[in-house]
Amino acid sequence: MVLRLCLYKGVVMFRVPTIKIANTINIFWVVEMGIVDIYNKYIKKFKIPILVFWIIILVLGITFGFNFFDRTENVVEPPLYTDGYKAQQFLEQEFPERANSTSLIIIIKSESNRSILNTEVQNYTFALMDKLDKFEDSQIIKGVYSYYGLQAINQSDIAQSFVSENLTSTLIIVIYEVEDKKVEADLIDYVEETVSEINLNHEEYTIFLTGLAVMDRDFSIAIIDNLKRMDSFILPIALIVLALVIRRLKLMILPLVSIAISIFTTFLILYGFTYIYTILSFAPSIVMSLVIAISIDYSLFLLTRYREEVEKGKDNYTAVSLMNEHSGHTILVSGLTLAVCFLGLMFFPVNAIASLGLSAGVTVVVTLFTNLTFTPAALLTFGKFFYNEKYIKKIEKKIEKMQNNGKNKRIKQNIKKIKKKINWVTITKFSQKYAIAIILLVLVIAIPISINVMKMDLSLENKHLLPRNTQTWDAYALLEDDFKAGQLLPYYLIFQTNETNGVRTPDFFTNSQKIIANLSQETMLTNESITGISWLNGQAIPWFYASMLLNPSVSDGDSVLYKQMWINYATSDNSSALFEIITPFDPQGKEALDWVKHTRELMEDFEEEFGYKIFLAGGAIFWIDSLETTISLFPYMILTVVLIVYVLIVIMFRSLFIPLRLLITIGLTLSWIFGLAVLVFEQNVLDWLFPNVLNGVNSLYWIVPIISFSIVLGLGLDYDIFLLSRISEYRKKGYSDRSAIIKGVEKTGTIITAAGIIMAIAFSGLLISSEMILNQIGFILCISVLVDTFFIRTILVPAIMSLAQKWNWWPKKMPKVTKEEIE
């Protein structure tokens, strides 16, 4: 019914030429009051069923909601019809084992910087390889490669790449096929147990385990730790701040229950979605922070209004009704707008963005309707508990006593004098008096910082996702320092000739070798980076030598190995061939973005020159295509959201100026905060203050701006609507524009700033996490809500509105001014 009210308001607010203006206003008033009254009556009539419904949902959420964590993944799917998507399709079709395989990388590091080439490490390597053969599901293991293993089959040149240049560390790579997540988890556990069980001097050597699956697991563990930190530390602090504002301990029960219902209901719904939708591993942290922030925010708006009406002497039902009419309507509009912003992300052809949009959108919708139904139903059901008549009479007696007691009058006057020196009335009058100066000062401060947005550099680096100070972090850093980071995510260059035996010809060998040599010369690759049927150990394989090795009558060691290699790198009909590329740089770093772009440009020339169809797959291709698609669509997303917000605010306030001013001030907050984020995370202005956190980070993770934009926009909208609703309420009562602004800020200023503090506390759970991606989101959200609530909404907005005067409401006409005083 509330939704119908909102929509109906938007319809009836526009004047109908055939009806007199007075009649139109009367009709609207009757309809609006009627629907609000119906809504309140429905809540009162069905209050018990509503509470029972939420209790059942809460029990189901507690029972099944935790399964949501086990169903999240860190898998990015290629955007449809991109080059990466087409390459992946071809890879899965022609080289299914490659497409479904990944690796575990074991690194043995000498802590004393002694050579790793010794009998002890050799025995350890072979013992580990023997143990892997005994794994219960050993059929998923497709190969185990090590320095000593390759030396044993006379592959000394390849073996050298498994030892660091200073000979202090060595690699053991386990290639396995991903068939089942549980089997994969069992393999990781088995390898971890095995590497610690085999006899090795662990004081002399440190063993690290890394790989995409290990990273995903450790990331998920870190997410759960973050949630525990939020539950045990962040949530209590946020609730304490809420209690200080509400000032009634009994009412604090409602936010606690609302948060629990919202969290477990959201987890339950998203758990169901995981069966049809891929949801990223860090979604639970975003969900938890949003629930804490938004649920407490909505509870603050609702309960402060309820308490205000109760203290005015209203009965319980009337207080709840007025709470729904004003604060309920405010959070409905802002909540639905925020939900639209998030759910709109589902239309992105990038599953990483879409899954986070779904998670956040479901969170907002659940939290919104929990507060709009559970809170009023609980207040009406347990009215005698929450609505204390003794408390009301006590307040009335105090007021009467102060009115009749001269001493109390003097005390009251002294308190007023103190408050007059610094309160929201004083602050608002100051912002009105110096409105132009405040606006100019804001621009002077904001512009130099905001222009840094143009320098924003988005990245895919793994360091943004890995938990700091963990073995996974150390293993990845060691892999980058001592070996080629591309070992973790190899790229694949695939040639399609469309001819049977097309790759088993002298021409293909000659052409493919020219292409590889050109790639090595034109890009950041080295000759040793590429391996395939015509290129091995940094050198071209002559066709006559390859054909000799492939001869069935030849069966020496080199021939056997090359024939096996041919099976792995060419299709069964020899129409296509795959070349593996181990990049000497981070396969997800900035260099990879430039390399992929340049390589694709060269591929177009190669296709035209040699007539092959060439694909670039594997590595971080999915992520890179997702990043490029996101960047190209982001401006359209901003435009769409801006139009939706503009229309909704026009419908709510029937003004063309208010939504324009709102979008400008929110845009100011966004540009200022993103500019500040660039200074902190890209230009490293705070490295000296947080060296252990910011060291080595010089970019924003690519998803951060998309998610942060929607949240910052939604929260700014939330506070602005709350403020404007009060200002509009007083203006309709006959106060002048300036007086209505002062009274509106006076009534909402404390609540808005308290909401900002609570939001900042809630999002600080992300700020203090061990993953850089969450640190960046937390930084942007914490700073933005503090700036928005302490300055933009409470100082800058009143300054702008005081200059606009009657144009704030244009083209709607407000009632004549009958009150000027500030009570």
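Helices (H or I, at least four residues) and strands (E, at least two) are DSSP runs, numbered from the N terminus. The model is predicted: local features require pLDDT of at least 70 and side-chain atom pairs pLDDT 80 or more, whereas totals for chains, interfaces and linings use all residues. Residues are numbered from 1 along each chain as its sequence is written, and side-chain values use heavy atoms, leaving out hydrogens and water.

The patch on the surface comprises Asp83, Glu601, Glu604, Asp605, Glu608, Glu609 and Glu628. Patches consist of residues with over 30% relative accessible area and no salt bridge, like charges being joined within 9 Å and nonpolar side chains (Val, Leu, Ile, Met, Phe, Trp, Tyr) within 5 Å. Within H25, highlight Glu608; its relative accessibility is 71%, so Glu608 counts as exposed (buried is under 20%, exposed over 50%, partly exposed in between; 1.4 Å probe, protein chains only).

Select next Glu309 and Lys314, whose side chains meet in a salt bridge at 3.9 Å, N to O (a side-chain nitrogen of Lys or Arg within 4 Å of a carboxyl oxygen of Asp or Glu). Glu309 is buried at 3%, while Lys314 is partly exposed at 29%. Salt bridges with shared partners join Arg305, Glu308, Glu309, Lys312, Lys314, Arg726, Glu729 and Lys733 into one network.

Then select Glu311 and Arg307, a salt bridge with its closest N and O atoms 3.6 Å apart. The two residues lie four residues apart in helix H13 (residues 283–311), and are therefore separated by about one helical turn.

Notes:
Areas by Shrake-Rupley, 256 points an atom, 1.4 Å probe, with all protein chains shown as cover. Lys, Arg positive; Asp, Glu negative; His and termini not counted. Charge placed at Lys NZ, Arg CZ, Asp CG, Glu CD.
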